[in-house]
Amino acid sequence: MTTQKRPALRVAVVGAGPAGLYAVGQLLDQVDVDVDVDVLERLPTPHGLVRAGVAPDHPLKKRVIDNMFEFYLDHPRVRFFGNVELGDRVVPADLALWYDAVIYAVGASDDRKLGIPGEDLVGSYAAREFVAWYNGHPDFSDRQFDLSSERAVIVGTGNVALDVARILTCDLEVLRQTEIADYALDTLSRSKIKEVLILARRSHMQGAFNNPELEELGESSTVAVELRNATLTPEQQCLEQQLDWIDRRKVATLKKLQQRQLENPEKRIVFQFLTSPERILGDERVAGVSLQSNRLVGDSPDTLAIEGTGETTEVATGLVFRSIGYRGNALADLPFYDSTGTIPNALGRVLQHNEILPGVYVTGWIKRGPSGVIGSNKKCARETTSCLLEDLAAGRLKGDVLSPVAVEAELRQRCKALVTQSDWHRIDSAERLAGTAQSRPRVKFTDRASLLLAAGVPE
Amino acid sequence: MPYVITSPCVADYSCLEICPVDCISPNPDDDAFDHAEQLYIDPDRCIDCAACVDACPVNAIYKQELLPPRWTHYAEVNRDYFRNAEKRIAVVQETSL
Ligand SMILES: Cc1cc2nc3c(=O)[nH]c(=O)nc-3n(C[C@H](O)[C@H](O)[C@H](O)COP(=O)(O)OP(=O)(O)OC[C@H]3O[C@@H](n4cnc5c(N)ncnc54)[C@H](O)[C@@H]3O)c2cc1C
Ligand code: SF4
Ligand code: SF4
């Protein structure tokens, strides 16, 4: 007796960041069913925030691209279509007709605002914009950042805040060996910044950074670290001992960083705890920030809270970065929760008015919000692909699709300069070749025109 | 000497999936995974087979005596994680009595 194997399942993954690519890997791992995957990405390049977010001085983390993600994209059952923005000439309703299932993994392309006066002055930016700029993201490469102020202020204490502080104070010789955008190197080489002031609303026991990122600040012999408002009242002294292991380690590292004796520190990073920005000062340009002091209340780590003391001070600066979180954007007519910046879902199945939309899934930051490390997206994608496979087994996917050839023809007709995996390989090789000449991992193309030229794709 | 996970770890649990003695934590099936900064190897249970080293996409795993100088303290960090995990389990058992 011969059993007839189901024709290959046809899945589209929208967004070629970690979440989408882990989903691809998991679909390829299936033994009972063959899955063909098309990956649609708005940029001409894959890899999402691993290319355009992870700091250039963290090359080890970027190895996940070569050792994992490229392996998936090169798989014969997978096609990459770059330079295709969903919501533009191709919309979710098209994909619903073309594929058995669609997984949206578009990440978080906006950020949370401070909501204080002066936030829109020239010189006040999102850390997100600065990060995308120094990483050569083509939508941000024409930005200008004026680093002529002696002090930069960062609001927020997450890993992104530490990345920005590190890049702003980093030894240029170190950065010259990385894949940082050339124009960013040039701007940084003219920087006058001597101090990066990190403002933390909460206490030194509640930093949002991770331990490895914090410890790394101790590896610099030219950048001193200073703590402000990190002493506790006698009644609160015992709190530090009650913290969990991760937070205890952070507090110990902060103290170690402060005690370091550097011979000739050229720059410094100052953590000012229990301080909230109240207003960004200036007429057209940022001239300073008005700060409000907070005090810590509560008698156990779980009940710690802060309250304003009413005391205000001012600090002079020409540059403010808000770094209080990324935020997802609505995508075309897909459902969207404005309060969380995510697509409503149950374990990855997209919900509309609390009903499951058949064949539509979500994973990554647009599913759960902007948290976790790269690998968190693997678990997140696993939950989503399990639901998809369950729905397949239960006969809940429609099974009426366009052939791979027809899909490509549709895409080529609607999107002028489609970038395939072999086109991306051309970009990748050219970037690496340029890097070899300068002993750098790569020299990035940073605008669409030069990316497409390197890809060999006429605009 | 056991193997040790260092700071480049991106918590993609490829090592955990391949470890023959299941000595890497936290498991993605546990809630602790959702707050983990990285994964850790239990030095008392690691059998030094090195399977995890090849599985790691970011080369974050080293044999303890070969740890690069900037990461030697990770031997203690890995060990400490399990000391604290044991404490946590003890606390849970106590309170559930
Ligand atoms: C500055 C920064 C530094 C970080 N550093 C680290 C680190 O050192 N280690 C670590 O473990 N994690 C780090 N992270 C976290 C990690 O990058 C994220 O967890 C991960 O990238 C989220 O994956 P994602 O696939 O959901 O989103 P993304 O990586 O953002 O991928 C989404 C993709 O979708 C594409 N897209 C968006 N809209 C559309 C559309 N309409 N049509 C088609 N495609 C679209 C985007 O172009 C992008 O390629 C960092 C994050 C940031 C922001
Ligand atoms: S060396 Fe072997 S036993 Fe030890 S953690 Fe790695 S895979 Fe597990
Ligand atoms: S394989 Fe490497 S990156 Fe992944 S969890 Fe293990 S040590 Fe971390």
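A polar contact here is a pair of N or O atoms within 3.5 Å; within protein, one must be able to donate a hydrogen and the other to accept it, and residues adjacent in sequence count only if both atoms are side-chain atoms. By that cut-off, a backbone N or O atom of Arg42(A) lies 3.1 Å from a nitrogen atom of ligand 1. The model is predicted: local features need pLDDT of at least 70, side-chain atom pairs count only at pLDDT 80 or more, and totals for chains, interfaces and linings use all residues; side-chain values use heavy atoms, without hydrogens and water. Residues are numbered from 1 along each chain as its sequence is written, while chains are lettered from A and ligands numbered from 1 in the order in which they are written.

**Ligand 1**

- Ligand 1 lies between chains A and B.
- A backbone N or O atom of Leu86(A) lies 3.0 Å from a nitrogen atom of ligand 1.
- For Pro18(A), a backbone N or O atom sits 3.4 Å from an oxygen atom of ligand 1.
- On its own, ligand 1 has 1,000 Å² of accessible area, and the protein covers 93% of that. Accessible areas come from the Shrake-Rupley method with a 1.4 Å probe; for residues, only the protein chains shown count as cover.
- Four elements of chain A give two or more residues to the shell: α1 (18–28), β2 (35–41), α2 (48–52) and α6 (159–169). Helices (H or I, at least four residues) and strands (E, at least two) are DSSP runs, numbered from the N terminus.
- Of the 31 residues around ligand 1, the nearest are Ala19(A), Glu41(A), Leu49(A), Trp365(A) and Ile374(A). A residue is near if one of its heavy atoms lies within 4 Å of the molecule or strand.
- The shell has 19 nonpolar, seven polar and five charged residues. Nonpolar covers Ala, Val, Leu, Ile, Met, Phe, Trp, Tyr, Cys and Pro; charged covers Asp, Glu, Lys and Arg; the others, Gly among them, are polar.
- Domain 1 (4–109 + 328–455) and domain 2 (112–325) of chain A each supply at least three residues to this shell. The domain bounds come from an automatic or database domain assignment.

**Ligand 3**

- Around ligand 3 there are 13 residues, of which Cys9(B), Asp12(B), Tyr13(B), Cys15(B) and Cys56(B) come nearest.
- By class, eleven are nonpolar, one is polar and one is charged.

**Strand β4 of chain A**

- Strand β4(A) spans residues 101–104, and both its faces are covered. Ala101(A) and Ile103(A) are buried on one side, Val102(A) and Tyr104(A) on the other. Buried means under 20% relative accessible area, exposed over 50%, partly exposed in between (1.4 Å probe, protein chains only).
- In a regular strand, side chains alternate between the two faces of the sheet.
- Strand β1 (residues 9–14) of chain A pairs with β4(A) in the parallel sense over four bridges. Two strands pair if DSSP finds at least two bridges between them.
- Opposite Ala101(A) of β4(A) stands Val11(A).
- β4(A) also runs parallel to β18(A) (residues 355–362), joined by three bridges. Tyr361(A) is the bridge partner of Ile103(A).

- Most residues other than glycine have a negative phi, and most peptide bonds are trans.
- Ser439(A) has phi near 55°. Its place is the loop between α15 (421–437) and α16 (448–455) of chain A. Ser439(A) is exposed, at 61% relative accessible area.
- Asp22(B) also has a positive phi, near 55°. Asp22(B) is in the loop between α1 (14–18) and β2 of chain B, and is partly exposed at 49%.
- The peptide bond from Ser25(B) to Pro26(B) is cis, with omega near -10°. Pro26(B) is in the loop between β2 (24–25) and β3 (40–41) of chain B.
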